[in-house]
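Dear colleague,

Please find below the structure that I am handing over to you. My notes on what was found in it follow directly after.

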Amino acid sequence: FQAPNRLKVALGTVPRIPPATLFEYTDANPVMVGAAIAAAAGQPEDRYAEEHLFKPLGMRNYRWTGADQTGTVSGGWGMRLRALDMAKIGMLMLNDGKWQGKQVVPASWIHQMSTPSSKATAQDYGYYTWINHIVRSEPEFGAMGFKGQFITVLPKERAVVVMTAILPT
């Protein structure tokens, strides 16, 4: 978390287990994904998120903390959101990427991120989305943050549940 250049650290990370054998969440992956987004977008990850996600959702009170010495934030941690804004992200996911009638995120991406691949080593994890990890009795997916931050989407119920907490690690 305190590395002066997280991308350099992430690129030098050696897996503890062979790839595609067992699921193990690691914060190195979001760092590399963020670098790929920045390279493809031609702008830092946080500015891209602001322009293409936060502003379209009407979010104004977000804060991304913990930039490294290169000025790069990490998509894997450090996002500060109000519960209302977390709910907006949940509603965006519930409505297949639409916000107030406008397609903000492609519906195909929402489907891909919330459906585990049959080839995946973790059947409860999609593209940075936990799937049937909290509620196993019906379709459910969402995001889980440090110490008890949750966005849970229940498509069958047409509901989004948001929780903020400070739970022990």
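**Salt bridges**

At 0% relative accessibility, aspartate 85 counts as buried, where buried means under 20% relative accessible area, exposed means over 50%, and partly exposed lies in between (1.4 Å probe, protein chains only). Please note that this is a predicted model, in which local features need pLDDT of at least 70 and side-chain atom pairs count only at pLDDT 80 or more, while totals for chains, interfaces and linings use all residues. Residues are numbered from 1 along each chain as its sequence is written, and side-chain values use heavy atoms, with hydrogens and water left out.

Aspartate 85 takes part in a salt bridge with arginine 82, where the closest N and O atoms are 3.3 Å apart; a salt bridge is a side-chain nitrogen of Lys or Arg within 4 Å of a carboxyl oxygen of Asp or Glu. Arginine 82 is partly exposed, at 33% relative accessible area. The side chain of aspartate 85 also meets that of lysine 88 in a salt bridge (3.8 Å, N to O). Because aspartate 85 and lysine 88 are 3 residues apart in helix α4, about one helical turn separates them. Lysine 88 is buried, with a relative accessible area of 14%. Through shared partners, Arg82, Asp85 and Lys88 are joined by salt bridges into one network.

How many salt bridges does a search of the whole structure find? The search finds 3. One of them joins the side chains of glutamate 24 and arginine 16 (2.0 Å, N to O). Glutamate 24 is partly exposed at 33% relative accessibility, and arginine 16 is exposed at 70%.

Helices (H or I, at least four residues) and strands (E, at least two) are DSSP runs, numbered from the N terminus. Helix α2 (residues 28-41) has 14 residues and reaches 20 Å from its first C-alpha to its last, close to the 20 Å expected at 1.5 Å a residue; the expected span is 1.5 Å times one less than the number of residues. The buried residues of α2 are Ala28, Pro30, Val31 and Gly34, and what covers them includes α1 (6-11) and α3, contact meaning heavy atoms within 4.5 Å. Glycine 42, which follows α2, has a positive phi near 70°.

In α3, the buried residues are Glu45, Ala49 and Phe54. Seen down the helix axis, they fall within an arc of 95°, so they line one face of α3; the arc is that of the directions from the helix axis to the C-beta atoms. Their cover includes α2, β1 (63-64) and β2 (79-80).

**The nonpolar core**

A nonpolar core is a set of buried Ala, Val, Leu, Ile, Met, Phe, Trp, Tyr and Cys residues joined through side-chain atoms within 4.5 Å. The largest one has 18 residues, and Leu57, Ile89, Leu92 and Met93 have the most contacts inside it. Two or more residues come from each of α3 (45-54), α4 (83-94), α5 (107-113) and β7 (149-154), with α4 giving the most, 5 residues. Leaving aside residues up to four places away in sequence, methionine 93 touches Ile110, Met113, Phe141, Gly142, Ile151 and Val153.

**The sheet**

An open sheet is formed by 4 strands in the order β5-β6-β7-β8, with antiparallel pairing; two strands pair if DSSP finds at least two bridges between them. Its edge strands, β5 (130-131) and β8 (159-163), each pair on one side only. Strands β5 and β6 (residues 141-145) are joined by 2 bridges, and isoleucine 131 has phenylalanine 141 as its bridge partner in β6.

Yours sincerely
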